[in-house]
Amino acid sequence: MTEKIQLKTTDDNSSTLYSPAFKEHYHSTHGAISESQHVFIHSGLAQLTKDELNILEVGFGTGLNALLSLKFSKEIKQKLYYSGIKQTEKILNQ
């Protein structure tokens with residue numbers, strides 16, 4: 001029997017998902033928003049100075065990076081084209 005994905009609260013009071021099947025969290029347990037802001041926004045998007053930007057995110061996950069990217073692009077008035085490929089989880093019974 002496959003266990004359902006669980007919603008967990010991280011140290012910065014943001015949420016992440018937990019997969020009991022893989023014993024893995026989708027984001028850092030120290031803070032899902034903090035992690036995405038540091039890795040995806042500050043170390044990624046904020047380093048690019050183009051008026052328009054295309055992003056392909058492989059492994060869309062919870063959509064947190066997409067949401068924060070939208071917020072950031074609106075703040076700096078950047079046109080953003082965002083595509084994401086959602087991963088699905090399937091357990092094979094043997």
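The legends below describe close-up views of a predicted model. Residues are numbered from 1 along each chain as its sequence is written, and side-chain values use heavy atoms, with hydrogens and water left out. Local features need pLDDT of at least 70 and side-chain atom pairs count only at pLDDT 80 or more, whereas totals for chains, interfaces and linings use all residues.

**View 1. The largest nonpolar core.** Ala32, Phe40, Ile41, Leu45, Leu53, Ile55, Leu64, Leu68 and Phe72 make up this core of 9 residues. Two or more of these residues come from each of α1 (32-42), β4 (52-58) and α2 (64-75). A nonpolar core is a set of buried Ala, Val, Leu, Ile, Met, Phe, Trp, Tyr and Cys residues joined through side-chain atoms within 4.5 Å, buried meaning under 20% relative accessible area, exposed over 50% and partly exposed in between (1.4 Å probe, protein chains only). Helices (H or I, at least four residues) and strands (E, at least two) are DSSP runs, numbered from the N terminus.

**View 2. Surroundings of Phe40.** Leaving aside residues up to four places away in sequence, Phe40 touches Glu35, Leu45, Ile55, Glu57, Asn65, Ser69 and Tyr82, where contact means heavy atoms within 4.5 Å.

View 3. Lys71 and Glu75 form a salt bridge whose closest N and O atoms are 2.9 Å apart, the criterion being a side-chain nitrogen of Lys or Arg within 4 Å of a carboxyl oxygen of Asp or Glu. The two residues are separated by about one helical turn, because Lys71 and Glu75 lie 4 residues apart in helix α2. Lys71 has a relative accessible area of 47% and is therefore partly exposed.
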